[in-house]
Amino acid sequence: MASRTAPVLDTRALNRATLARQLLLSRAEMSARDAVEHLLGLQAQNVKPPYFQLHARLAGFRPAELAGLMESREVVRMVTLRSTIHTHTADDALTLRPLVQAARDREVNQFRKGLVGVDLDRLALEARAFVEAEPRTMGEIREELLKQWPEADPQSLSVAARCLLPLVQVTPRGVWGRSGQVRLTTVENWLRRPVGTARSVGSAQSVGTARGVGEATGGVAEARGVREARGVGEVRGVDGVVLRYLGAFGPASVKDMQTWAGLTRLKESFERLRPRLLTFRDENGVELFDLPDAPRPDAGTTAPPRFLPEFDNLLLSHADRSRVIAPELKGRTWTGNQSHRVLLLDGFLAGLWTADAGVLTVELFELLGPVSRARKEEIVAEGEALLADMADTPAGTGTGTGTGTSTGTSTGAVRFGSIRG
């Protein structure tokens, strides 16, 4: 529990601070690559969500920008945090993946009954050679491993290969406007760089406020000045990731970061960093940590409507999600194991949305009461910008306004209604 002398941050204060870190109070003048780095990756269970995540956060974003980064191998898709697929910069892929290896090892242990008699070290060597000869599908990897261990459970062999090796999905998979089977090779083979050669995941260049965030969030000191004020310098390993997590998702508790990362036993890192951090408590008395110079806007700061895709990390990266999701709406963003696309209104979850054949349908939650005409007009304007900017066209064709706040001719319509029948 937090010290009773620590300042209290209420739900709205936490909401505005988190939105500022997430570039959702105003669109940032930042490149797609820098945004992916600042956010420590984008949830990418499906192909399109990373593109929609950046559209909600960046001024001037066009799908072709992220698609180009995918094709030039400056960003990659791979399993990292929470054992889910993320889009990371090449540097973060080479450094974040080893930090979550312990969690992947535990995942393999859950399948040991299907791996009786399998030498896991040999399996890793065999699978590495196979996927580095050329990118392979998971089915091909499984069949190759079954040749060596025909009595093993096929699914368990697949899980072992996926967890023991840092596998990336090669392009054209993940490129906007293109399609392709999931084919895998190792991150080292794809990037032609061994793990450990990238800049530290917690290096001074990365820690805290990313390049351009200061300008985007209104008066925050630029990254270099923030680092000097904190005396952070070079902070490596897990401690560096803690600082970067707070820069993108803070203020946050130890459990919040453990939820985001899919890791445990992070309290020691927070305790080592405590002298460099500020502490607060939430309305329930939970201790929250934060970077001294990170943005914490006034709770009354305006938060514009934002359309977020399924699996957006804003909604998945805290143990207590009430800073974005009101308690009465808990569970409304999911059906089974499928995440819905969501609408933020005044910074909080307010509805769901779909887009099909040029029509964006918004379902507002009735529990929140009536929405004013002016607010609906804001929602429509944001929806029309999304339709215009994210027209489903191949990367590089030059279509769509790409402004993030389109004033051009809309390519579709926005309507209010039910999206769940």
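The following legends describe the whole chain and several close-up views of a predicted model.

**Figure 1. Overall view of the predicted protein model.** The protein has 421 residues, of which 55% count as buried. Its secondary structure consists of 16 helices and 14 strands. The accessible surface amounts to about 17500 Å², and carbon and sulfur atoms account for 49% of that surface. When contacts between residues at least 6 apart in sequence are considered, 69% of them link residues at least 24 apart.

**Figure 2. The cis peptide bond between Thr 171 and Pro 172.** The omega angle of this bond is about 15 degrees. Pro 172 belongs to the loop that connects strand 4, residues 167-169, with strand 5, residues 184-186.

**Figure 3. The cis peptide bond between Gly 250 and Pro 251.** Here omega is about -5 degrees. Pro 251 is placed in the loop between two helices, namely helix 13 (237-249) and helix 14 (254-261).

**Figure 4. Ser 83, a residue other than glycine with a positive phi.** The phi angle of Ser 83 is near 60 degrees. The residue occupies the loop between strand 2, which covers residues 75-79, and strand 3, which covers residues 85-89.

**Figure 5. Phe 311, a non-glycine residue with a positive phi.** Phi of Phe 311 is about 65 degrees. Phe 311 is located in the loop that runs between strand 8 (306-308) and strand 9 (334-335). The relative accessibility of Phe 311 is 11%, so the residue counts as buried.

**Figure 6. The pairing of strand 13 with strand 14.** Strand 13 comprises residues 359-364 and runs parallel to strand 14, to which it is joined by 4 bridges. Within this region, Thr 361 stands opposite Arg 415, a residue of strand 14. In general, the strands of a sheet pair through backbone hydrogen bonds, in either a parallel or an antiparallel manner.

**Figure 7. Gly 412 in the loop between helix 16 and strand 14.** Gly 412 is partly exposed, its relative accessible area being 22%. Apart from its neighbours within four places in sequence, Gly 412 is in contact with Gly 358 and Leu 387. Leu 387 lies 25 residues from Gly 412 along the chain, and the C-alpha atoms of these two residues are separated by 6.1 Å.

How values were computed: Residues are numbered from 1 along each chain as its sequence is written. This is a predicted model: local features need pLDDT of at least 70, side-chain atom pairs count only at pLDDT 80 or more; totals for chains, interfaces and linings use all residues. Side-chain values use heavy atoms; hydrogens and water are left out. Buried means under 20% relative accessible area, exposed over 50%, partly exposed in between (1.4 Å probe, protein chains only). Contact means heavy atoms within 4.5 Å. Accessible areas come from the Shrake-Rupley method with a 1.4 Å probe; for residues, only the protein chains shown count as cover. Two strands pair if DSSP finds at least two bridges between them.
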